[in-house]
Amino acid sequence: VGVTHGDVLALAADSSWDDGVPDAVLMHSAYVFDASTFEIWVPLLNGGRVVVAPGGVLEAHAVREAVELHGVTALFLTTALFNVMAEADPAVFSGLRVVAAGGEAATPDLMQRAAAASPRTLVLHVYGPTETTTFAARHPVTADSTGVAPIGRALDGMSLYVLDDALGLVPPGVVGELYVSGHGVARGYQGRAALTAGRFVADPYGAPGSRMYRTGDLVRWTAAGDIEYVGRADG
């Protein structure tokens, strides 16, 4: 996937990382995994530090030690790993300013339990394929949240469209396919022109020449203005 320097800069500049969030980000992902874009460049481009986790699968005790010994302020986890930690010890994220989780649908109640156990920590459900530079949307989860966390709302400089088969906008409550436009949308697939043409298409709602990424995810707008995941268009 051809992600540009500008795409990475846009991710690092998002307002989600204000208030010292990226002062010290824990890096535990492989550098070839798209999450490393967040773990490396969000702190470094905001004057922060990258704290490298011990090798192997990240465990709860390592998160606590990273906070206590190295002042780690932010952490991204896949939803599956977040679930394991939150199930075993919902307060494991205390001391962090932000813990973000994504990659699959959030498990009901676990994110809420983590938020309740760590009231000073912002718990974010994040969404975004590699083709949109790691994250395209985020939704804050609180102890009072109910049900499955939605995909949420677009990052700064990005747009989320829910479209029908004719690329028309669908109203709230109606299922359509999610398209992502704006800062962070990659150039395409290196050396795969046909695949690029099928997934990165002209944005009829953006500036001339702008493109949007067809995610293949079926979603719908909620009455609150968030986007919730329904399923896959190919599944």
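A residue is called buried here when its relative accessible area is under 20%, exposed when that area is over 50%, and partly exposed in between, with a 1.4 Å probe and protein chains only. By this definition, both Asp-14 and Arg-138 are buried, and these two residues form a salt bridge in which the closest N and O atoms are 3.3 Å apart. The model is a predicted one, in which local features need pLDDT of at least 70 and side-chain atom pairs count only at pLDDT 80 or more, while totals for chains, interfaces and linings use all residues. Residues are numbered from 1 along each chain as its sequence is written, and side-chain values use heavy atoms, with hydrogens and water left out. Helices (H or I, at least four residues) and strands (E, at least two) are DSSP runs, numbered from the N terminus.

**Salt bridges**

- The structure holds 10 salt bridges, a salt bridge being a side-chain nitrogen of Lys or Arg within 4 Å of a carboxyl oxygen of Asp or Glu.
- One of them is the pair of Asp-14 and Arg-138, which links distant parts of the chain, with Asp-14 in the loop between α1 (5–12) and β1 (24–27) and Arg-138 in strand β6 (residues 137–141), 124 residues apart.
- Arg-64 forms a salt bridge with Asp-89, and the closest N and O atoms of this pair are 2.6 Å apart.
- Because Arg-64 lies in helix α3 and Asp-89 in the loop between α4 (79–88) and β4 (98–102), the pair ties together parts that are 25 residues apart in sequence.
- Arg-64 counts as partly exposed at 32% relative accessibility, and Asp-89 is also partly exposed, with a relative accessible area of 23%.
- Asp-226 and Arg-153 form a further salt bridge, in which the closest N and O atoms are 3.1 Å apart.
- This pair links distant parts of the chain, since Asp-226 is in the loop between β11 (211–221) and β12 (227–232) and Arg-153 is in strand β7 (residues 153–154), 73 residues apart.
- Asp-226 is buried, with a relative accessible area of 10%, whereas Arg-153 counts as partly exposed at 46% relative accessibility.
- Salt bridges that share partners join Asp-14, Arg-138 and Asp-156 into one network.

- In α3, the residues Ala-62, Val-63, Ala-66 and Val-67 are buried.
- These residues cover an arc of only 135° around the axis, which puts them on the same side of α3; the arc is that of the directions from the helix axis to the C-beta atoms.
- An α-helix has 3.6 residues a turn, so residues three or four places apart point the same way.
- The buried residues of α3 pack against β1, β3 and α4, while the face turned away from the buried side carries the exposed residues Glu-68 and Leu-69.
- Just after α3, Gly-71 takes a positive phi of about 65°.
- Thr-73 lies in the loop between α3 (60–70) and β3 (74–78), and at 5% relative accessibility Thr-73 counts as buried.
- A polar atom of the side chain of Thr-73 lies 2.6 Å from the backbone oxygen of Val-21.
- Leaving aside neighbours within four places in sequence, Thr-73 is in contact (heavy atoms within 4.5 Å) with residues including Gly-20, Val-21, Pro-22, Leu-96 and Val-98.

**Helix α2**

- Helix α2 (residues 35–44) is mostly covered, as seven of its 10 residues are buried, among them Ala-35, Phe-38 and Val-42.
- The buried residues of α2 pack against α1, β1, β2 (49–52) and β3.
- Thr-37, found in helix α2, is buried with a relative accessible area of 16%.
- Not counting residues up to four places away in sequence, Thr-37 touches Val-8, Leu-11, Val-42, Thr-133 and Thr-134.

- Most residues other than glycine have a negative phi, and most peptide bonds are trans.
- Thr-134 has a positive phi of about 80° although it is not a glycine; Thr-134 lies in the loop between β5 (122–127) and β6 and is buried, with a relative accessible area of 6%.
- Leu-167, also not a glycine, has a positive phi of about 65°; Leu-167 is placed in the loop between β8 (158–163) and β9 (176–182) and counts as partly exposed at 27% relative accessibility.

Note on methods:
Polar contact = N/O pair within 3.5 Å; in protein donor to acceptor, adjacent residues only side chain to side chain.
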